[in-house]
Amino acid sequence: MKFHAQASLLHGLSQHNNTIILDESLKQSAIPAKLIQCYVAAHYQARIDPDTLTLHIGQHCEPLSKPMQEYGTQCALYITAYNPHSQSQHIETNLTASKQLCDLLSSHSSHIFAGKSLDPAGKWPAEPSFLALGIDLATSKALGRQFDQNAIVWIDFDAIPRLVLLR
């Protein structure tokens, strides 16, 4: 029965407006379905002065399309270095990893904005994150894996955030 429920949830996620990029990875993922569901429901915020924009998986984000056009970028990455593989880490470990990620992102993009990932249900604490414009999918996946993340959010020219599973 448990397998059927998980298979049903995964089918629903993969069918919802292409919410999950790389549908085959969803079927083969080591990430529990409930955790994937949490990632899909999360609010991904970034501060692009003077506004804060919120990304929702699978939904066009007009406030993001404007800076993408303004800066001449065709894609963007939303990523955190906090809590690798969704395992809580000591604050100092998270801060160090976040600084390293910011430094690395700076070598790939000159348009990086601080943000935070929020759980609308309030069960998970907010995670400091970054929105970096102009980072292609292959590089985005490599960065996510380098920081042992389960997933990243990647945005193509259409300004629709997509969840990309990395394991």
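Searching the whole structure turns up three salt bridges, each defined as a side-chain nitrogen of Lys or Arg within 4 Å of a carboxyl oxygen of Asp or Glu. This is a predicted model, where local features need pLDDT of at least 70, side-chain atom pairs count only at pLDDT 80 or more, and totals for chains, interfaces and linings use all residues. Residues are numbered from 1 along each chain as its sequence is written, and side-chain values use heavy atoms, leaving out hydrogens and water.

| Salt bridge | N to O distance |
|---|---|
| R47 and D49 | 3.4 Å |
| D103 and K99 | 3.0 Å |
| R162 and D158 | 2.7 Å |

For burial, the cut-offs are under 20% relative accessible area for buried, over 50% for exposed and partly exposed in between (1.4 Å probe, protein chains only). R162 is buried at 16%, while D158 is partly exposed at 21%.

Let's turn to helix α5. Helices here are DSSP runs (H or I, at least four residues), numbered from the N terminus. D103 and K99 both sit in α5, four residues apart, about one turn of the helix. K99 is exposed at 52% relative accessibility, and D103 is partly exposed at 45%.

Which residues of α5 are buried? They are N94, A97, S98, L101 and L105. These cover an arc of only 105° around the axis, so they lie on the same side of α5; the arc is taken from the directions from the helix axis to the C-beta atoms.

T96 also belongs to α5 (residues 91-106) and is partly exposed at 44% relative accessibility.

Technical notes
Helices (H or I, at least four residues) and strands (E, at least two) are DSSP runs, numbered from the N terminus.
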